[in-house]
Each structure stands twice: as C-alpha cells, then as structure tokens.
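Please walk me through this model, and for each label that is used, tell me what it rests on.

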Amino acid sequence: MKDIVFDFGGVLIDWNPRYLYRKIFQTDKEVEWFLANVCTSQWNTQQDAGRSLEEGIEQLENKFPEYAFAIRFYYTRWEEMLGGEIAGTVEILRELKKRGYRLYGLTNWSAELFPIAQKRFDFLKEFDGIVVSGQEKLVKPDPRIYSCLLRRYQLDAQNCIFIDDNKANVSEAADLGFETILFTSPDDLRRILISRSVL
C-alpha cells in the first residue's frame, strides 16, 4: 500500500495574501503591485525557510518605510489570508485515511505561523507525520527536505505518492523517485487516484 504525501497550501488549505490586502488597499492594482514589489513570494519564502517573522518584517520596513503598516499586517493579520479548507481535497484525505493509507505532510510554512493552521484546521490531525520547512530551515524543492521526510518516518520514495500544486516541487520529487501528482483541483486529484487504483 502506497504512502501519500500532501502539500498543504493550495492543495488542502486555501491561503492567499490577497484576501487580506484587498481590505487594506483600495484597488486590485495596488494589491498586485504591493505583492509583486514589497511582500513578495520570494521574501515570504525566507520566513518559510526559517527566518524569524520579526527579522523579515524589519528588513522590509527599512526598505519601504511608507508601507510599514501594511508590511506588519502580513503577519499580525496573517490569519485573514486563510480562506478555509479546500473541501474536496479534505474529503479525499479522509477517504484515504479510512482506507488505511498512511498520510504525511510536507509543507513550506513558517514555523511561527504553522501552529495557527494546526488550531484552525482539524483535518491536520489525520496525518501520521508532518515536516514543516520553517522548523527544518529548508524549503521545497531543496532535495534535503524530501530526504528529511523519508528519513524521519522511514519511508521509501518509490512507495510514496507526492501531491503538490507547484511544478518545481513535483519535478524534484519525481527526480528523487516519488510517484507524483501535480494538483490542479480536487476533482482532478480524485480522477487520478481512481485511475491509479488508490481510491
């Protein structure tokens, strides 16, 4: 029986900074400029890789003092970026659990913020093990974080199905021997799992 490894953001959890910043700025154009130039995904990845939230915020506040209020909201109001669970995928997760599959999480997430998600999303208790990038100070697609998952839970990559919505993460997993699925929607995931006789 295969072991199933899930990414979280974009697969099981609807996380999007736009949910917050559309409340802060008056137009979508302002939101998109801010996320492309100030609180960028590359900057956020540094927190996912273990940099403290305060250090990340201070770095940007010094660079963009006119946006200091909005930068700080990225973490003080971070929970407002959570749109909720992606219900169709959570349903699949619970079906897999009932069928006896072992379930693991491999997520790029700040170590300081992940506990908020754990409190909010009950389904995270379904996992047999979770590796959080911020705790390991490694982010996908660094091969070392996949190795960390395999080693910690005594898994064999060739016996794992890895599900992620990021092409680079899926490509690295495939290179390491995982069976992979590039997530696009819960319906598509269900169809693929049925075609592979998992569901």
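Q: What makes strand β4 (residues 103–107) count as mostly covered?
A: In this predicted model, where local features need pLDDT of at least 70, side-chain atom pairs count only at pLDDT 80 or more, and totals for chains, interfaces and linings use all residues, 5 of the 5 residues of β4 are buried. Buried means under 20% relative accessible area, whereas exposed means over 50% and partly exposed lies in between, with a 1.4 Å probe and protein chains only. Residues are numbered from 1 along each chain as its sequence is written, and side-chain values use heavy atoms, with hydrogens and water left out.

Q: How do you know which faces of β4 are covered?
A: Leu103, Gly105 and Thr107 lie on one side of β4 and Tyr104 and Leu106 on the other, and these residues are all buried, so both faces are covered.

Q: Why are β1 and β5 called partners of β4?
A: Two strands pair if DSSP finds at least two bridges between them. Strand β1 (residues 3–6) pairs with β4 in the parallel sense over 3 bridges, with Phe6 having Gly105 as its bridge partner in β4.

Q: What makes the unit of β4, helix α7 and β5 right-handed?
A: A crossover is given that name if, with the strands pointing away from the viewer, the path from the first strand over the helix to the second runs clockwise. β4, helix α7 (residues 114–120) and β5 make a β-α-β unit that is right-handed.

**Salt bridges**

Q: Why is the contact of Glu32 with Arg18 called a salt bridge?
A: The closest N and O atoms of Glu32 and Arg18 are 2.7 Å apart, and a salt bridge is a side-chain nitrogen of Lys or Arg within 4 Å of a carboxyl oxygen of Asp or Glu, so the name applies. Glu32 lies in helix α2 (residues 28–37) and Arg18 in helix α1 (residues 18–24), so the pair ties together parts that are 14 residues apart in sequence. By this rule the count comes to 20 salt bridges.

Q: How do you know whether Glu32 and Arg18 are buried or partly exposed?
A: Glu32 has a relative accessible area of 33% and Arg18 one of 25%, so each counts as partly exposed.

Q: Which salt bridges does Arg72 form with Glu54 and Glu61?
A: Arg72 and Glu54 have their closest N and O atoms 3.0 Å apart. Glu54 lies in helix α4 (residues 53–63) and Arg72 in helix α5 (residues 68–76), so this pair ties together parts that are 18 residues apart in sequence. Arg72 also forms a salt bridge with Glu61, at 2.9 Å between the closest N and O atoms.

Q: What makes Glu61 buried?
A: Glu61 has a relative accessible area of 17%, so Glu61 counts as buried, whereas Glu54 is partly exposed at 36%.

**The whole chain**

Q: How do you know how compact the protein chain is?
A: The protein chain has 11 helices and 7 strands, where helices (H or I, at least four residues) and strands (E, at least two) are DSSP runs numbered from the N terminus. The radius of gyration is 18 Å, close to the 16 Å that the globule rule gives for 199 residues, so the chain is as compact as a globular protein of that length. This radius is taken over C-alpha atoms, and the rule is 2.2 Å times the number of residues to the power 0.38.
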